[in-house]
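Reader: I have a structure to study and would like to go through it step by step. Could you show it to me before I ask my questions?

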Amino acid sequence: MNVNQMIEWAAVILILIGSIVSVISAYGMIRLPDVYTRSHAATKSSTLSVLTCLLGAFIYFWVHDGFVSVRLILGILFVFVTAPVAGHLICRAAYRSRVPLAEGSGEDELKPKLFPEEK
Amino acid sequence: MAFQIILNFVLAFVWMFLSSNYTVTGFIVGFLLGILLLIMMRRFFTTRLYVYRIWAIIKLTLLFLKELVLANIQVLQVVLKPKLDMQPAFFAYPTVLKQEWEITLLSSLITLTPGTVVVHVSDDAKTLYVHAIDISDVDEAIAAIRDSFEKAILEVSKS
């Protein structure tokens, strides 16, 4: 087993980790109770899974074919820039359209700020 | 900072012309010599050396990758726990950052780190309203973590 093969196996393991993390993310979307907690699972896990999958593909093409794909790196960068903003906007829109929080939630410091006329 | 980088490039090109060596290697050698010159002449700049800022950016990136992995481990624990007993809550976080790009960067970093999603930025941009997935034990720890982020961003942006 030479060095190239070992690096290819590292790429395989990266892609495997990425798919496992995305499965966990999907499971979290089903299991968690409300929009806000689901957005935790959606933003963080999907970002890491995309990162590791694209990095694995990048390493594989680099070592196996000698092809450096800058587009994969750009894809990682764009996902990193856009995923947190998307999560933030969905949460914000949900809060402004008064989607209720899950049961058993703690105190809510945002409500007197955004909707001062209530309570 | 931009001025120093442009100066460094100009120095690298001057080195290439002086040595009549128009290759990538010649450029890199010229660039390194340019950095040496900038370090020697640093008391004539009004701002600090750009090398420090790039080092701060690298440190921020490493910190961020570490926190991203920790965040996923935490999501894994929350999702796979047989009993859903976390206590989500909103809390306010006062920030000292001033410029808009700093606040955007801080909210993106908070969103991708353990247990927190930014939901609202107040109109005067002095307070971030953050949704935490589990308020019971995380509140203090999160404050510490985000102090480290805020400090790292200040380290990048200070002139």
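Reader: Which residues lie nearest the centre of the largest pocket?
Author: This is a predicted model, in which local features need pLDDT of at least 70 and side-chain atom pairs count only at pLDDT 80 or more, while totals for chains, interfaces and linings use all residues. Residues are numbered from 1 along each chain as its sequence is written, chains are lettered from A and ligands numbered from 1 in the order in which they are written, and side-chain values use heavy atoms, with hydrogens and water left out. A pocket here is an open set of points on a 1 Å grid over the protein atoms alone, where a 1.4 Å probe fits and protein lies on both sides within 12 Å along at least five of seven lines, and its lining residues have an atom within 4 Å of a point. The largest pocket is lined by 21 residues, and those nearest its centre are L77(A), F80(A), V81(A), F64(B) and L105(B).

Reader: Which helix gives the most to the lining of the largest pocket?
Author: Helices are DSSP runs of H or I with at least four residues, numbered from the N terminus. Helix 2 (35-65) and helix 3 of chain A, along with helix 3 (50-80) and helix 4 (100-111) of chain B, each supply at least two residues of the lining. The most, 7 residues, comes from helix 3 of chain A.

Reader: Where in helix 3 of chain A does a kink lie?
Author: Helix 3 of chain A covers residues 70-96. The bend at a residue is the angle between axes fitted to the seven residues ending there and the seven starting there. The kink in this helix is about 25 degrees and comes shortly before the proline P84(A), at T82(A).

Reader: Is T47(A) buried or exposed?
Author: T47(A) belongs to helix 2 of chain A, and, leaving aside its neighbours within four places in sequence, T47(A) is in contact (heavy atoms within 4.5 Å) with V79(A), F80(A), A83(A) and L112(B). Buried means under 20% relative accessible area, exposed over 50% and partly exposed in between, with a 1.4 Å probe and protein chains only. Because its relative accessible area is 1%, T47(A) is buried.

Reader: What is the relative accessibility of S20(B)?
Author: S20(B) sits in the loop between helix 1 (2-19) and helix 2 (24-40) of chain B. Its phi is near 50 degrees, a positive value in a residue other than glycine. S20(B) counts as exposed, because its relative accessibility is 54%.

Note on methods
Expected span 1.5 Å × (residues − 1).
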